[in-house]
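Come along as I look things up, one entry at a time.

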Amino acid sequence: MAIILRNMYKRMAKAVKWNKTADILFPLRCPVCDKPVPYFDRQKGICPECMEGFLRIEKARCCLCGRRLAANDGELCEDCRTNGRRHYYTKGIALYEYNDMMRKAVYRFKYEGRREYAEFFGKALARQFGNAVKRAGVEGIIPVPLHPKRENERGYNQAGLLARIFGEETQIPVYEKYVVRIRNTPPMKALEGAKRQNNLKKAFKIGQNDVKLNITIIVDDIYTTGSTIDAMAKVLLEAGISQVYFMTLAIGKDF
Ligand SMILES: [Zn+2]
Ligand SMILES: [Zn+2]
């Protein structure tokens, strides 16, 4: 018995040692600050400091876009009240405030090859919103597509990665090619209001119509003015889908 226990212990020790070596060689990086996550926090997927400082939107949210409401807002945020155009999407929700910390994290996630962040972010979305999305009767998850040229350059579509993890966690099917991007639009950051909407005209089209969906959810990394999600929701509604929700990692203003 003692020998068996000792052997088990040795095997465990060996495994732990190997993991520690692997941890030194390939440290898990915190999806927020990008520093290596300490060995004993690996399960959480985020470093303790960022866990503390994360700005999850938990208080009153705008009924439409899910933005945090200011003190004198009613049911809608200022952006949804004053932008003078209706949204095509039904309603949406976001996990984090798009603050400086998140802006840097999303930048690395999109432009600096940190595709592995998707694991933590996708799971965080599923933990927080998985049940609500199921209760809403969502039949398919549709990530905002990149233009194929841009996806080739980047090597991945960050919204697609988030959608995949969310789909695995919730068992809701993901349709990455349901909508495709047919115009390689300039980055939205550089454009203002009306120009953004113009820029997005005819940017998307249905890429797959062998599946009949009624209720869907669009997944993206950030929501700022909502024009990308609206443009895509419009295409989905025209294709006969009755409800289009959205879910993003963060929501806020452009910096
Ligand atoms: Zn961190
Ligand atoms: Zn709103």
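Entry: I began with helix H5 (residues 117–135) and helix H7 (residues 158–170), whose axes come within 8 Å and cross at roughly 50°. That makes H5 oblique to H7. For the label I noted the classes: angles under 35 degrees count as roughly parallel, over 145 as roughly antiparallel, 65 to 115 as roughly perpendicular, and the rest as oblique. The axes are lines fitted to C-alpha atoms, for helices over the stretch in contact, and the angles run from 0 to 180 degrees between N-to-C directions. H5 passes H7 in a right-handed crossing. In a right-handed crossing the near helix is turned clockwise from the far one by less than a right angle, and in a left-handed one anticlockwise. On the H5 side I found, among others, Phe 121, Leu 125, Phe 129 and Val 133 in the contact, and on the H7 side residues including Leu 161, Leu 162, Ile 165 and Phe 166. Contact here means heavy atoms within 4.5 Å.

**Entry: ground rules.** I wrote down that this is a predicted model, where local features need pLDDT of at least 70 and side-chain atom pairs count only at pLDDT 80 or more, while totals for chains, interfaces and linings use all residues. Residues are numbered from 1 along each chain as its sequence is written, chains are lettered from A and ligands numbered from 1 in the order in which they are written, and side-chain values use heavy atoms, with hydrogens and water left out.

**Entry: the whole chain.** I looked up nine helices and six strands. Helices (H or I, at least four residues) and strands (E, at least two) are DSSP runs, numbered from the N terminus. The chain has 255 residues, and 45% of them count as buried. Buried means under 20% relative accessible area, exposed over 50%, and partly exposed in between, with a 1.4 Å probe and protein chains only. Among contacts with a separation of 6 or more, 72% join residues 24 or more positions apart.

**Entry: another helix pair.** Which helix did I pair with H5 next? I took helix H4 (residues 100–111), whose axis comes within 10 Å of that of H5 and crosses at roughly 125°. That makes H4 oblique to H5, and their crossing is left-handed. Met 102, Ala 105, Arg 108 and Phe 109 of H4 meet Tyr 117, Ala 118 and Phe 121 of H5.

**Entry: zinc ion, ligand 1.** Which residues coordinate the zinc ion (ligand 1)? I found Cys 30, Cys 33, Cys 47 and Cys 50, each through SG, at 2.3 Å. Donors are N, O and S atoms within 2.8 Å of the metal (3.2 Å for Na, K and Ca), and water is not among the atoms, so sites may look incomplete. The angles of 105 to 112° among the four donor atoms make the arrangement tetrahedral. Four donors count as tetrahedral if all angles lie between 85 and 135 degrees. The donor residues are spaced C-x2-C-x13-C-x2-C in sequence. Cys 30 lies in the loop between helix H1 (2–25) and H2 and Cys 50 in helix H2, so the pair ties together parts 20 residues apart in sequence. Both Cys 30 and Cys 50 are buried.

**Entry: zinc ion, ligand 2.** Here I found Cys 62, Cys 65, Cys 77 and Cys 80, again through SG, at 2.3 to 2.4 Å. The site is tetrahedral, with angles of 105 to 114°, and the spacing along the chain is C-x2-C-x11-C-x2-C. Cys 62 and Cys 77 both lie in the loop between helix H2 (48–53) and helix H3 (78–82), so this pair ties together parts 15 residues apart in sequence. Cys 62 and Cys 77 are buried.

**Entry: two positive phi values.** Asp 34, in the loop between H1 and H2, has a phi near 70°. Asp 34 is buried at 14% relative accessible area. Gln 171 has a phi of about 65° and sits in the loop between H7 and strand E3 (179–181). Gln 171 is exposed at 66%.

**Entry: Asp 220.** Buried or exposed, I asked of Asp 220? With a relative accessible area of 9%, Asp 220 is buried, and its place is in strand E5 (residues 215–223). Its neighbours in contact include Val 144, Leu 162 and Met 247.

Key:
Tetrahedral: all angles 85-135°; square planar, octahedral: opposite > 155°, others 65-115°. Lists of a residue's contacts leave out its neighbours within four places in sequence.
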